[in-house]
Amino acid sequence: MNVNETDLLIVGAGPAGMAAAVTARRHGLSVRVLDDQPAPGGQIWRAIETVAATPRLARLGESYRAGADRASAFRSCGALYEPESQLWQIEPGFRAFLTQQGKARSVTARAVILATGAQERPVPFPGWTLPGVLTVGAAQILLKTADSVPTSPVWIAGCGPLPLLYMTQLLAAGGRIAGFLDTTPRGRIGAALRHLPKGLGRLADLAKGLSWSLALKRAGFPIIHHVAELRAEGAGRLESLHYRTQDGREGEVTAEVLLVHEGVVPNIHAPLALGCAVSWHAGQHCYVPELDSWGETSQVNVFVAGDGAGIGGAEAAEPRGRIAALRVAARLGKLGEGEAESAARSERSRLARALALRPFLDALYAPRPQVFAPADETLVCRCEEVTAGELRARAVQGRPGPNQIKAFTRAGMGPCQGRQCGYTMAHIVAAAQNRPVEEVGFYRIRPPLKPVTLGELASLGELASLDEREPAA
Amino acid sequence: MFRKLHDPGAQAITIFIDGRPVPAELGESVAAVLLRQPEAWCRTTPVSESPRAPYCMMGVCFECLVEVDGLASVQGCLTPVRSGMRIARQQGPRSLSA
């Protein structure tokens, strides 16, 4: 086998990617796994192999501990694992281009599973670009990978399971919390309760969430409910934090570190660049790829598994990864259709169980409306420093979409390529033009998916293979 | 801004930030080390030259772009530290020669 060719290319070594790799290998496929991190585990199990050998494991909780077995099964499955690899383009066929240690090269595969997970939903507010403002996920990664906690008592603003989990882990590690600005709007519990009957099979999860909340209440730091607006201020770094609740109560506190979180959204840049159809997920307020029951996209032999397919958490990511791998094995003749179907059946019921509580969580922790309607002075595009006011002014001149406004203002043109401003842009355009957000669409995503230097391009060893085409006249 | 909870012991290494030696631990990222410095910013922006620091720590915000061993605009959160690594904070737009 040519080392650059495999049956299956998996992008991402988190729960979905690892599960897909193990399944595909079990059925005799050759598998390559690319991941931008230095070790397997994805975001949920970041640094699990290192931490598993230390006493730090205990304070990170049971669901983190579970990653150790997964990483070890993945390591021994026989997949070609390429850590610290940045994927920046996939051409039909498939030829994938990646950069590793400053060198670019390409690899080929007959099928692709994108297991690129989720990112935290960007939460723009005045001052969110100041040093000292980070996401809750970032702080949790610092805890897992560097055993680091905020030096002084930290302010946390947001909603969802992650802030509760992080605060619990932070206290267990000896960190200190200045206060929690809970941004869950009033009345959400009522709205969420109608989804609860379906989630009753997940009582253990509910109990876990409740026990976090109770323990945090007992910890004694202030918890301010129904916070609607935030403003961070400081000269060159965060110094103070101003908040206002839905009822108009205001407060101002000094702060060195503020952590924010308003849920997570699928990473859709790779599927979009590949031309995969996406549709708006009203419950999760984001785009998700259109997938069949195997996780196959509108592009033949391109699959999406894990949170990239819609937010479901690690427990849903694993069956999704295995289901996609089974389909690829059947496609490539390594497994009968009937065998794949029967193996997928139990994975599908596992997936359904894992997703049972999701509509309840989605309704309870849906982002507050202010997340999508930041004040005019807010930088929406962090890279090119374009404000909400500038986008609003452009949005009413004619009826431009996100791509036209991008061309006018440079919003979305910086190194993050719209990962931080895409949804805010879409909502601002929708509100200004009185259209539903799903009608406005998203930035057109083109390669390279990550910035590539000319030096890296020049290092593409097989530039010579371009001569397979007719030489230019 | 952040502090490390344990003593790295045998995993301790030294890297250089803007020429100054700072302690680091094998396995952690450049961005994690930057966030422990008294000056926790890592670059100034090309547009307004305002300071920025690591924000997402998972490769999607590109705020932690720094120069690593002479290579500009490297994502610090995706770069594990190596002994003797030389990090430079980036000021304003990157130069073409960098």
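# Domains, sheets and the A/B contact

Visitor: How far apart are the C-alpha centres of domain 2 and domain 3 of chain A?
Guide: Those two centres lie 27 Å apart. Please keep in mind that this is a predicted model, in which local features need pLDDT of at least 70 and side-chain atom pairs count only at pLDDT 80 or more, while totals for chains, interfaces and linings use all residues. Residues are numbered from 1 along each chain as its sequence is written, and chains are lettered from A and ligands numbered from 1 in the order in which they are written.

Visitor: Where do the domains of chain A run?
Guide: Domain 1 covers 5–119 + 265–359, domain 2 covers 133–262, and domain 3 covers 373–440; the bounds come from an automatic or database domain assignment.

Visitor: And how many helices and strands are in chain A?
Guide: Chain A has 19 helices and 22 strands, where helices (H or I, at least four residues) and strands (E, at least two) are DSSP runs numbered from the N terminus. Its radius of gyration is 23 Å, close to the 23 Å that the globule rule gives for 473 residues, so chain A is as compact as a globular protein of that length. The radius is taken over C-alpha atoms, and the rule is 2.2 Å times the number of residues to the power 0.38. Along its principal axes, the C-alpha trace of chain A spans about 65 × 55 × 40 Å.

Visitor: What share of chain A is buried?
Guide: Buried residues make up 52% of the 473 residues in chain A. A residue is buried if 20 or more other C-beta atoms lie within 10 Å of its own, exposed if 12 or fewer do, and partly exposed in between, with C-beta atoms placed from the backbone.

Visitor: Which residues touch the most other members of the largest nonpolar core?
Guide: They are A:Ala20, A:Ile113 and A:Leu258, in a core of 164 residues. Helix 12 (residues 314–331) of chain A provides the largest share of this core, 10 residues. A second, separate core of 7 residues includes A:Leu357, A:Phe360, A:Leu361 and A:Leu364. A nonpolar core here is a set of buried Ala, Val, Leu, Ile, Met, Phe, Trp, Tyr and Cys residues joined through C-beta atoms within 7 Å.

Visitor: What is A:Ala20 in contact with, leaving aside neighbours within four places in sequence?
Guide: Its contacts (C-beta atoms, placed from the backbone, within 7 Å) include A:Ile10, A:Ile113, A:Ala115 and A:Ala305, and also A:Gly321, A:Arg322, A:Ala324 and A:Ala325.

Visitor: Switching topic, what is the strand order in the open sheet of 5 strands?
Guide: The order is 8-16-10-11-12 in chain A, with parallel pairing; two strands pair if DSSP finds at least two bridges between them. Strand 8 (133–135) and strand 12 (223–224) stand at the edges, each with a single partner strand, so one side of each is left without a neighbour in the sheet. Strand 8 of chain A pairs with strand 16 (residues 258–262) of chain A over 3 bridges, and the bridge partner of A:Leu134 in strand 16 is A:Leu259.

Visitor: Is A:Arg121 buried or exposed?
Guide: A:Arg121 counts as buried because it has 24 C-beta neighbours inside 10 Å, and its place is in the loop between strand 7 (118–120) and strand 8 of chain A. Leaving aside neighbours within four places in sequence, A:Arg121 is in contact with A:Glu262, A:Gly263, A:Val264, A:Val265 and A:Pro367.

Visitor: Now the contact with chain B: how many residues does each chain give?
Guide: The contact takes 35 residues from chain B and 38 residues from chain A. On the side of chain B that touches chain A, strand 1 of chain B gives the most, with 3 residues. That side divides into 22 nonpolar, 7 polar and 6 charged residues, where Ala, Val, Leu, Ile, Met, Phe, Trp, Tyr, Cys and Pro count as nonpolar, Asp, Glu, Lys and Arg as charged, and the others, Gly among them, as polar.

Visitor: In which sense do strand 9 of chain A and strand 1 of chain B pair?
Guide: Strand 9 (residues 148–150) of chain A and strand 1 of chain B pair in the antiparallel sense over 3 bridges, and the bridge partner of A:Val149 in strand 1 of chain B is B:Arg3.

Note on methods:
Contact = placed C-beta atoms within 7 Å.
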